[in-house]
Amino acid sequence: MSVLVYSESENGKLKKSSFETASYGKALSQELGSKLICVSFNCSDIELLNKYGADKIVNVESSNLKDFTAKTYSHVLSQVIEKENISVVILSSSADAKYLGAYLAGITDSSYISNVVALPESLNPFIVRRSCFTNKAFSTTEINGNLKIISISSNSYEINENNGDGVIENIDYNEVSSTFKVSNVEKQSAKVTIADADIVVSAGRGLKGPEHWHMIEELAEVLGAATACSKPVSDMGWRPHSEHVGQTGKPVASNLYIAIGISGAIQHLAGINSSKVKVVINSDPEAPFFKAADYGVVGDAFDIIPELINKLKARK
Ligand SMILES: Cc1cc2nc3c(=O)[nH]c(=O)nc-3n(C[C@H](O)[C@H](O)[C@H](O)COP(=O)(O)OP(=O)(O)OC[C@H]3O[C@@H](n4cnc5c(N)ncnc54)[C@H](O)[C@@H]3O)c2cc1C
């Protein structure tokens with residue numbers, strides 16, 4: 001019995017989430033006394049997974065599998081699952097992984113649990129803790145069956161180096177055809193994405209208008225952060241919808257979330273709750289966001305942000 005990690009890549013390079021899932025997979029395989037097998041598709045730096053303890057690395061090379069579809073990837077993974085006698089599959093919390101988890105569970109007749117936040121509380125029975133209700137609660141869930149599929153909530157498990165000597169293998173597999181084909185993917189920008197970011201700099205209506213966002217972008221650049229915004233900001237077209245975070249936008253689970261000129265409405269907080277450290281900058285000391293903050297600065301963003309950028313630049 002082995003543990004399988006689906007290691008996601010983008011433009012042929014492993015994503016940060018692949019190191020999180022491999023670290024989790026290694027710890028779990030050690031608890032189970034089993035091997036860790038990492039599988040990726042058309043990936044050029046797959047050997048990096050050795051640093052996180054992979055015992056075997058499978059690189060699936062095919063021009064037909066260049067772009068993700070849940071059906072084609074699931075069918076290949078199901079063949080590796082059968083060949084390697086896999087008992088647990090570990091996925092990230094990306095949008096692709098969510099589709100994949102459901103599809104894979106369907107074709108392998110197994111259970112799929114998302115948003116897992118820690119190693120299992122018990123292995124037999126297999127019990128995991130997962131976040132639910134937009135991270136306001138945790139549920140303890142038992143998974144039965146010979147094959148379990150779990151996805152790990154972003155930034156919930158630390159990346160740990162763990163020397164492995166995984167042999168890289170190419171495998172024989174049967175491809176299935178998909179009912180649709182991705183012809184082209186155009187990314188909106190080459191910046192750090194909200195899902196991958198360690199730090200997210202987010203701003204709201206307090207910024208008064210799109211012409212002031214250069215401060216937010218500059219602060220994000222100095223910190224190597226992704227930029228985000230509240231819903232009204234994207235609704236008014238000040239920022240692209242891809243930056244809208246919250247209950248109806250993207251979820252954020254960064255290590256540091258900096259909220260500037262955002263009041264802290266419940267729908268905003270619902271999406272950013274699982275960020276580890278929250279810093280709030282707001283001119284109104286009564287702004288509700290301060291109640292959810294780890295650190296708060298009461299003051300005018302137009303004074304504080306340029307000062308902060310200067311201080312950070314001086315430190316570099
Ligand atoms: C069904 C539903 C779903 C929703 N989903 C979302 C969602 O996913 N995400 C989301 O964000 N919202 C969502 N909302 C909207 C949400 O209720 C709030 O209206 C919204 O979050 C407020 O955005 P804001 O904080 O940018 O603006 P405001 O509430 O107007 O707050 C602006 C803040 O900026 C501060 N400020 C003003 N000037 C300055 C200055 N110079 N320096 C520093 N601070 C300053 C003010 O004190 C204030 O706190 C949803 C609402 C509904 C009904």
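Let's start in helix 4 (residues 213–223), where Trp-213, Met-215, Ile-216, Leu-219, Ala-220 and Val-222 are buried. Buried here means under 20% relative accessible area, while exposed means over 50% and partly exposed lies in between (1.4 Å probe, protein chains only). Helices (H or I, at least four residues) and strands (E, at least two) are DSSP runs, numbered from the N terminus. This is a predicted model, in which local features need pLDDT of at least 70, side-chain atom pairs count only at pLDDT 80 or more, and totals for chains, interfaces and linings use all residues. Residues are numbered from 1 along each chain as its sequence is written, and side-chain values use heavy atoms, with hydrogens and water left out.

What do the buried residues of helix 4 pack against? Their partners are strand 12 (199–203), strand 13 (226–229), helix 5, strand 14 (256–260) and helix 8. Contact, here and below, means heavy atoms within 4.5 Å. After helix 4 comes Gly-224, with a positive phi near 65°.

Now step back to the whole chain. The protein is divided into domain 1 (2–169) and domain 2 (199–315), with bounds that come from an automatic or database domain assignment. Taken over C-alpha atoms, the centres of domain 1 and domain 2 are 32 Å apart. Where the domains touch, five residues of domain 1 are in contact with seven residues of domain 2.

Next, the ligand. It is surrounded by 26 residues, and the closest are Ser-230, Thr-248, Ser-263, Gln-267 and Asn-282. A residue counts as near if one of its heavy atoms lies within 4 Å of the molecule. By class, this shell holds six nonpolar, 15 polar and five charged residues. In that scheme, Ala, Val, Leu, Ile, Met, Phe, Trp, Tyr, Cys and Pro count as nonpolar, Asp, Glu, Lys and Arg as charged, and the others, Gly among them, as polar.

Which atoms of Arg-205, Thr-248 and Ser-283 come up to the ligand? For Arg-205, a polar backbone atom sits 2.8 Å from an oxygen atom of the ligand. Ser-283 brings a backbone N or O atom to 3.2 Å from a nitrogen atom of the ligand. On its own the ligand has 990 Å² of accessible area, and the protein covers 75% of that; accessible areas come from the Shrake-Rupley method with a 1.4 Å probe, and for residues only the protein chains shown count as cover. Helix 5 (231–235), helix 6 (266–272) and helix 8 (301–315) are the elements that give two or more residues to the shell.

Over in helix 1 (residues 16–32) we find Ser-18. Is Ser-18 buried or exposed? Ser-18 counts as buried because its relative accessibility is 1%. A polar atom of the Ser-18 side chain lies 2.7 Å from the backbone oxygen of Glu-8. Such a polar contact is a pair of N or O atoms within 3.5 Å; within protein, one must be able to donate a hydrogen and the other to accept it, and residues adjacent in sequence count only if both atoms are side-chain atoms. Leaving aside neighbours within four places in sequence, Ser-18 is in contact with Ser-7, Glu-8 and Leu-49.

Leu-28 also has its place in helix 1, and at 0% relative accessibility Leu-28 counts as buried. With neighbours within four places in sequence left aside, Leu-28 contacts Val-3, Val-88, Ile-90, Leu-119, Pro-120, Leu-123 and Phe-126. Leu-28 and Pro-120 are 92 residues apart along the chain, yet their C-alpha atoms are separated by 8.0 Å.

Finally, some backbone details. The peptide bond from Asn-124 to Pro-125 is cis, with omega near 5°, and Pro-125 lies in the loop between strand 7 (111–116) and strand 8 (126–132). Asn-11 is a residue other than glycine with a positive phi, near 50°; Asn-11 sits in the loop between strand 2 (9–10) and strand 3 (13–14) and, at 75% relative accessibility, counts as exposed. Asp-109, in the loop between helix 3 (95–108) and strand 7, has a positive phi near 50°. Asp-109 is exposed, with a relative accessible area of 74%.
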